[in-house]
Amino acid sequence: MNTASAWRLLTTVMRRDLAVALRRRSDVVNPLLFVVIVVTLFPLAVGPGPDILGRIATGVIWVAALLSSLLGSERLFRDDFLDGTLEQLVLSPAPLPLLAFGKVAVHWLLSGLPLVILAPLCAMLLKLPIAGWGVLMLTLLVGTPMLSAMTAVGAALTVSLGRGGALLSLLLLPLFIPLLIFAAAAVESALVGTSASGQVLLLTGLMLLTLLLAPFAVAAALRVSVN
Amino acid sequence: MSAVIEAKQLTSVRAGRTLFSQLSLQLHAGEILHVEGPNGAGKSTLLRIIAGLLDPQAGRVSLFGQDQWDDPEQWQRQLLFIGHKAAVKAELTALENLHYQALLDGADQVDAWQLLETVGLLGLEDVPAQQLSAGQQRRIALARLWYGQATLWILDEPFTALDSHGIALLHERFSQHLEQGGVIILTSHQPLTWTGERLKKIRIDYQDEGLLYEYR
């Protein structure tokens, strides 16, 4: 298969997924709404003092982001599995990891990217000092593609199980812990005035590695799931 | 003349039950194979194994003398599988479904409107597929048969939910494909119109003493 036709297949899969997602807007909006609700509830529960809120802001935003990514994760391949689209993707002449990458990319565009854009709003609501906003957005920008990719691996593994939701959360959350630690550390560094580039670069490296390997894992898992 | 598709000594065990064992078949250009048998006998399993979606416990399938892993891309191009799940996106309209499906099949010169007319869905192009009837959704899925370049068609219950006009249309398309040297493997509870040399039948039937199948 030449590059041009592989590229065309990739964009077709992405355009179709985007078109389907735009017809089911609530599935896209719900996880984002969840993050905003969690973030708005915290000041009410903990009290509006900037000292406490500002300190927990990064943690709250990142935990909300992790949980929201689990909310929609089960659906990543579920509809395709139920309506037979997955079989056709497996039978497609295009390399399956490439198509899997397309699905991961669409998932990130609809779940990860909006989180990055929402981050300043959340940071403001939680009174995170402005010094940390840029780094918070940066950690989300490099962290959410990892979330999407790892979620896709888990979703592909559990798609044929019917009710794999709880199992999926148990599978994925431990994998997200390093992400959480380094993202929080990066923002902490920025807040105390030191450079956060070490943590951000490490996260970027992890993201690239995940994006490189995850499509192959997803493809293998999908082949098993349609079996 | 060499066989288009050849299955050798296929054995499949699902959920601890042997569906078939040592099943061999061979189809040449222009032949249609009707897989018969009661519900749950393993007809769909056989079709999925031949399509390469499922691994048999033993045996192998070759297309034009090649194994699936010799050249997966070429293998997939030669084969068109339509399962009992229609692979139609409920949120998209008939036209969008046809358009994306054609692009994914690598047929970018397809006129989706022409296809709609062929399968009798003109006038319904703007309706999301979830509001169409089961038969109309099946027509969307089967539209692939009109532009596909594949030699081997594997169709699981293609006539389900189709009206008599749709079935006639499909029979006509099958005849064209066979005349052009294509090969069709299908399951159906409908009688087929072909007789004689072209139509081959295989019957899979589960019995207490094990599998019985006859191939003629």
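Guide: What follows is a walk through chain B, ending at its contact with chain A. This is a predicted model: local features need pLDDT of at least 70, side-chain atom pairs count only at pLDDT 80 or more, and totals for chains, interfaces and linings use all residues. Residues are numbered from 1 along each chain as its sequence is written, while chains are lettered from A and ligands numbered from 1 in the order in which they are written.

Start with the sheet. Chain B has an open sheet of 4 strands, in the order β2-β1-β4-β5, with antiparallel pairing. (Helices are DSSP runs of H or I, at least four residues, and strands are runs of E, at least two, numbered from the N terminus; two strands pair if DSSP finds at least two bridges between them.) At the edges lie β2 (17–27) and β5 (66–67) of chain B, each pairing on one side only.

Now look at β1 and β4. Strand β1 (residues 5–14) of chain B runs antiparallel to strand β4 (residues 58–63) of chain B, and 5 bridges join them. Opposite Ile5(B) stands Leu63(B) in β4(B).

A helix packs on this sheet. Helix α1 (residues 43–51) of chain B touches β1, β2 and β4 of chain B. Contact here puts two residues' C-beta atoms, placed from the backbone, within 7 Å. The direction of α1 of chain B makes about 125 degrees with that of β1(B). (Axes are lines fitted to C-alpha atoms, for helices over the stretch in contact, and angles run from 0 to 180 degrees between N-to-C directions.)

Step back to the domains, whose bounds come from an automatic or database assignment. In chain B, domain 1 takes 1–78 + 151–162 + 180–216, and domain 2 takes 86–149. Taken over C-alpha atoms, their centres are 26 Å apart. Each domain of chain B gives 6 residues to their contact. On the domain 1 side, these are 4 nonpolar, 1 polar and 1 charged. (Nonpolar means Ala, Val, Leu, Ile, Met, Phe, Trp, Tyr, Cys and Pro; charged means Asp, Glu, Lys and Arg; the others, Gly among them, are polar.)

Finally, the partner. Here 22 residues of chain B are in contact with 21 residues of chain A. On the chain A side, the elements giving two or more residues are α1 (3–23) and α5 (85–91). α1(A) gives the most, with 8 residues. By class, the chain A side has 8 nonpolar, 7 polar and 6 charged residues.
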